[in-house]
Amino acid sequence: MRWSWRIGKLAGINVYMHATFLLLILFILVAYWTEGHSLSLALSGVLFVLVIFGCIVLHELGHALTARRYGIQTRDIVLLPIGGVARLERMPEDPRQELRVALAGPAVNVLIAGALFLLLALLGRAPGWKEMEDVRWVGGNFLTKLMVTNLWLVGFNVLPAFPMDGGRVLRALLATRMEYTRATQAAAHVGQAMAFLFGLIGIILHDPFLLFIALFVWMGASDEAAMVQMRTSLGGIPVQRVMLTDFRTLTADDSLSSAVDHILAGWQQDFPVVFGDHVLGVLTREDLLRTLAQEGSNVPVRDAMRRDVPAVDSHDMLEKAVATLRGSNCRSIPVQHSGRLVGMLTLEHVGEFIMIQSALRQAHRAAHAHNSP
Ligand SMILES: [Zn+2]
């Protein structure tokens with residue numbers, strides 16, 4: 001992430017701090033200074049915020065380490081003024097695993113709050129409800145403030161709305177009963193309804209903080225819905241609409257020099273090797289170059305081609321075909337229909353198709369914006 005500094009490494013995961021985080025520290029310093037005009041008070045305010053963010057890092061570590069149990073790595077943890085983000089490589093596909101990963105974060109704050117309560121009780125200063133409700137941000141007992149803030153973090157994070165953990169919990173629960181994309185859409189709708197409610201209450205109570213949360217939740221919900229829309233649109237398109245139909249083929253008996261001729265004559269990098277309409281394998285550019293360097297150009301294609309290449313059907317949906325393509329470690333794979341080679345599916349082409357689709361969608365949205373009063 002740009003504008004971030006690495007501040008350390010925990011359990012093998014780099015922790016970054018975003019530049020805007022400094023603005024928060026500055027804000028706290030100024031707010032405390034105007035309240036008490038005392039430097040020690042202002043510094044204790046900053047210390048409190050830093051300790052809170054320590055708790056947030058532990059919260060993110062809860063997500064990251066639970067995900068690691070399911071073989072999912074975390075790219076990094078970034079601290080923003082609004083909280084932390086653990087950037088997981090991917091989300092678990094099993095809803096029960098996603099549920100555990102989502103719940104692990106708030107669970108850490110519950111543990112911290114519980115430990116602080118025990119500590120306060122041991123010190124003979126266990127706070128009652130009244131004291132927890134009236135907690136003062138300037139001054140007051142440090143440990144009590146810390147405990148109450150951790151409980152706040154739990155409450156905020158379990159709100160059933162994206163991008164909060166509660167949104168993922170809701171999606172995971174729905175996904176055990178319905179299809180994943182529909183579950184996401186339903187959870188996103190709940191999130192938007194909540195954002196609307198927050199916004200309304202914020203306006204009635206003249207509370208800018210609630211308005212800010214409403215905006216944040218609304219954006220999170222629409223982001224998640226848009227991502228699902230994208231996946232759904234990939235899923236609804238058959239391979240034949242995106243596959244390459246203008247390409248060269250080789251036979252197993254061709255020499256590598258004819259593949260070289262094809263490469264020099266055009267832009268194609270990988271060639272299906274065929275016997276009639278039947279696909280025997282694929283000659284990739286890498287394999288071609290390696291064999292050329294080792295054995296020269298008179299070698300037949302059969303000695304250099306890959307045979308373990310999966311094929312997809314032209315009537316398959318793109319989402320499934322792209323997963324096959326990604327899993328194959330090839331740039332392109334042959335597309336067949338009833339046993340005959342009918343096209344090639346390449347990662348570059350799929351990427352271009354997605355770009356064109358999203359450009360068209362933007363144009364569509366812009367047209368709508370122009371039409372609305
Ligand atoms: Zn979380």
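In which helix is the place of Leu-24? The place of Leu-24 is in helix 1.

The views show a predicted model, in which local features need pLDDT of at least 70, side-chain atom pairs count only at pLDDT 80 or more, and totals for chains, interfaces and linings use all residues. Residues are numbered from 1 along each chain as its sequence is written, and side-chain values use heavy atoms, with hydrogens and water left out.

View 1. Leaving aside residues up to four places away in sequence, Leu-24 touches Val-49, Phe-53 and Pro-81 (contact means heavy atoms within 4.5 Å). Leu-120 lies 96 residues from Leu-24 along the chain, and the C-alpha atoms of the two are separated by 29 Å.

**View 2. Crossing of helix 1 (residues 20-36) and helix 2 (residues 39-69).** Helices are DSSP runs (H or I, at least four residues), numbered from the N terminus. The axes of helix 1 and helix 2 come within 8 Å and cross at roughly 145°; axes are lines fitted to C-alpha atoms over the stretch in contact, and angles run from 0 to 180 degrees between N-to-C directions. Helix 1 passes helix 2 in a right-handed crossing (the near helix is turned clockwise from the far one by less than a right angle; anticlockwise is left-handed). Among the residues making the contact are Phe-21, Leu-24 and Trp-33 of helix 1, and Val-49, Leu-50 and Phe-53 of helix 2. By class, this contact of helix 1 with helix 2 has 14 nonpolar, two polar and no charged residues (Ala, Val, Leu, Ile, Met, Phe, Trp, Tyr, Cys and Pro count as nonpolar, Asp, Glu, Lys and Arg as charged, and the others, Gly among them, as polar).

**View 3. Packing of helix 2 and helix 5 (residues 142-157).** The two helices pack at an angle of about 45°, with their axes 11 Å apart. Helix 2 and helix 5 are therefore oblique to each other (angles under 35 degrees count as roughly parallel, over 145 as roughly antiparallel, 65 to 115 as roughly perpendicular and the rest as oblique). Helix 2 passes helix 5 in a right-handed crossing. The contact includes Phe-48, Ile-52 and His-59 of helix 2 and Lys-145, Leu-146 and Asn-150 of helix 5. Its residues divide into nine nonpolar, five polar and one charged.

**View 4. Packing of helix 9 (residues 256-265) and helix 10 (residues 285-295).** These helices pack at an angle of about 130°, and their axes are 11 Å apart. Helix 9 and helix 10 are therefore oblique to each other, and helix 9 passes helix 10 in a left-handed crossing. Leu-256, Ala-259, Val-260 and Ile-263 in helix 9 meet Arg-285, Leu-288, Thr-291 and Leu-292 in helix 10. Six nonpolar residues, one polar and one charged make up this contact.
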